[in-house]
Amino acid sequence: MASDSPESLMTLCTDYCLRNLEGTLCYLLDNETLRLHPDIFLPSEICDKLVNEYVELVKTDSIFEPHESFFTLFSDPRSTRLARIHLREHIVQDQDLEAIRKQDLIELYLTNCEKLTAKSLQTLVSFSHTLISLSLFGCSNIFYEEENPGGCEDDCLVNPTRQVLVKDFTFEGFSRLRILNLGRLIEGVNVETLLRPLASLAALDLSGIQLNDVAFLTQWKDSLVSLVLYNMDLSEEHIQVIAQLRKLRHLDISRDHLSSYYKFKLTRRVLNLFVENLVNLTSLDISGHTMLENCTIPSMEEKMGQTSIEPAKSSIAPFRGLKRPLQFLGLFETSLCRLTHIPAYKVSGDKNEEQVLNAIEAYTEHRPEITSRAINLLFDIARIERCSQLLRALQLVITALKCHKDDKNIQVTGSAALFYLTNSEYRMEQSVKLRRQVIQVVLNGMESYQEVTVQRNCCLTLCNFSIPEELEFQYRRVNELLLNILNQSRQDESIQRIAVHLCNALVCQVDNDHKEAVGKMGFVMTMLKLIQKKLADKTCDQVMEFSWSALWNITDETPDNCEMFLNYSGMKLFLECLKEFPEKQELHRNMLGLLGNVAEVKELRPQLMTSQFISVFSNLLESKADGIEVSYNACGVLSHIMFDGLEAWAISEPHREEVVKRMWAAIQSWDINSRRNINYRSFEPILRLLPQGISPVSQHWATWALYNLVSVYPDKYCPLLIKEGGIPLLKDMIKMASARQETKEMARKVIEHCSNFKEENMDTSR
């Protein structure tokens, strides 16, 4: 099972400080600008963590509020030191890098920071004397500057600013730079000129850049140990240059096989050339390549013996020349990954779970187009087979969903995979912490995408969790997202059904504060709108029944929500549903359960005192729908109304005595051993009907309810009745002259049941 150990103290403190900057590290200057307290001095270990966690929170936590002036906290290296920071996407802008220009950065990763312009190139120069590692991956606008062609104010109104490519920037002065990622650099930048000043590059990533001539790479043939040319259309000239880079330990010439414009085909000769010349190679990625000729050994020989990673037994003939197995070999979406003997400790491919997980792990950061297809393969494995590396699979999918929150393909495949990876079969292997991470990425997906498939996958995945317990830490957020789904004008039927089911489960067995909060979000109104729409369509389906059930749950001991139900024409919908669907027993039970909650609120009972409503409740006393439930709930509603006394009976028809008579008849017709479709969290509304002589029938209904529940479900309801002080109330009632003899007899049996239960099952020392 995954560890449930707490986060490190450093992580907890960092998170707390970032969420409470004003109360910890900072104060507000002029009510808008964050300033560090003058007596605070932070080393790079803490500052790096603060910046990197801040970026993560902004990207993945919708509740977290970003601060415009956050990066200014690190403007003075005398009080704050930065060394290694990773910034992503829209979170960082030119002014943010400008704010930290005085820092002696060693490592700066800028990933898909599309808001950065050529102004940031000049800021990079500030770090040139210390920078060892730099990534500009996907920073598509960083080589553009804004230029106004007009030059005067009037002209500005006519001619908006346009982007002009900066061609004179180079890495001149970056004397310590060893690791550089220029992946997805925009066309027009002269890569050779840009890189020429760098004396001793060790690692270079030119992913997605098309270069006809790469001969300039040989200037680093004595220092370059890692070269990534993903999605570069290669030629024979490229291969000859690569073969000269004899210090290479990692070479990636993989490609996305769905891109049709790559003419290059990998041959046996090319692989032989790499093996012969790149003798230090420990990692090679040739994923996505089409093999122009057969690189494998004969089929009969290939299938002989146990699976081996020894080069001498390699099923890929050119790799028999390797001195030792590779640490990593990328073969994703190639036929080679399905061979038996592959000379590598770790292989990415599509043959089995291990290869697929290796692919997700290797490509998540910078290749979402490949990652989504790998996750889709994992989805098939989890759906059809049993996933043997569950924890690793879950962590990888979570990481991919966090990293590519705005990538539709990742969100679709990832959310689908999570549904199967979190089902009950795997429940025992997952820690609370891991399951919470799943819930958070699922909610991120629901928040970012209104797309039907993502919404359905996310809702289905939430159904794999214990509700409401496992969702309580995100209770408000999940309710808001579900209500947002249900309030959309055009709805997918399946999503609507799942969302209503989730809403119902979320308001069942939670405290009243939660119910009141959800009520204020518009929960009652949303459910009534769904009911109204189903009524208009003359449809009583799961959505209709779940909506009434949800209203029953959310109004339980919550007067404000009961009042909302009445104010939003809930009684009108109740009567219409009763008329339209006279045979729907579960619907009737849910509706009457809800009205029982409304009737418990003294201030609202006058609104139920109409001839029409009382007649309906009286008629339902004789209902046999759903066992005794409809009749029982109707009698409960009337019991609370009767409790208000004769003076509250403000109608002439039906007569109070007539209704009382029908209530006695109904109660006497019920089987005391009836199993119930009801769940009481508290007996308080029932117990208040005991110590009174205004309405003996109400007293009898309450006593019958207690007798039934402690008889059929003693383990649950005997302790509850004892805890809530029901026994003294029953004893007092037995002494009352106004109480009926049969009611007193039933009360004695309730007391006897609880006494027996206490003696047999309860530890009285507690």
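Select Arg 740 and Glu 742: they form a salt bridge, with the closest N and O atoms 3.5 Å apart. (A salt bridge here is a side-chain nitrogen of Lys or Arg within 4 Å of a carboxyl oxygen of Asp or Glu.) Arg 740 is partly exposed at 37% relative accessibility, and Glu 742 is partly exposed too, at 35%. Partly exposed sits between buried, under 20% relative accessible area, and exposed, over 50% (1.4 Å probe, protein chains only).

A word on what you're viewing: this is a predicted model, where local features need pLDDT of at least 70, side-chain atom pairs count only at pLDDT 80 or more, and totals for chains, interfaces and linings use all residues. Residues are numbered from 1 along each chain as its sequence is written, and side-chain values use heavy atoms, leaving out hydrogens and water.

Next, pick Arg 456 and Asp 492, a salt bridge with its closest N and O atoms 3.4 Å apart. This pair links distant parts of the chain, 36 residues apart: Arg 456 is in helix α15 (residues 452-462), while Asp 492 is in the loop between α16 (475-486) and α17 (493-506). (Helices, H or I with at least four residues, and strands, E with at least two, are DSSP runs numbered from the N terminus.)

For a network of salt bridges, select Lys 59, Arg 88, Glu 89 and Glu 365. The whole structure has 35 salt bridges.

Last stop: strands β1 (residues 26-29) and β2 (residues 33-36), which pair antiparallel over four bridges. (Pairing takes at least two DSSP bridges between two strands.) Leu 28 has Leu 34 in β2 as its bridge partner.
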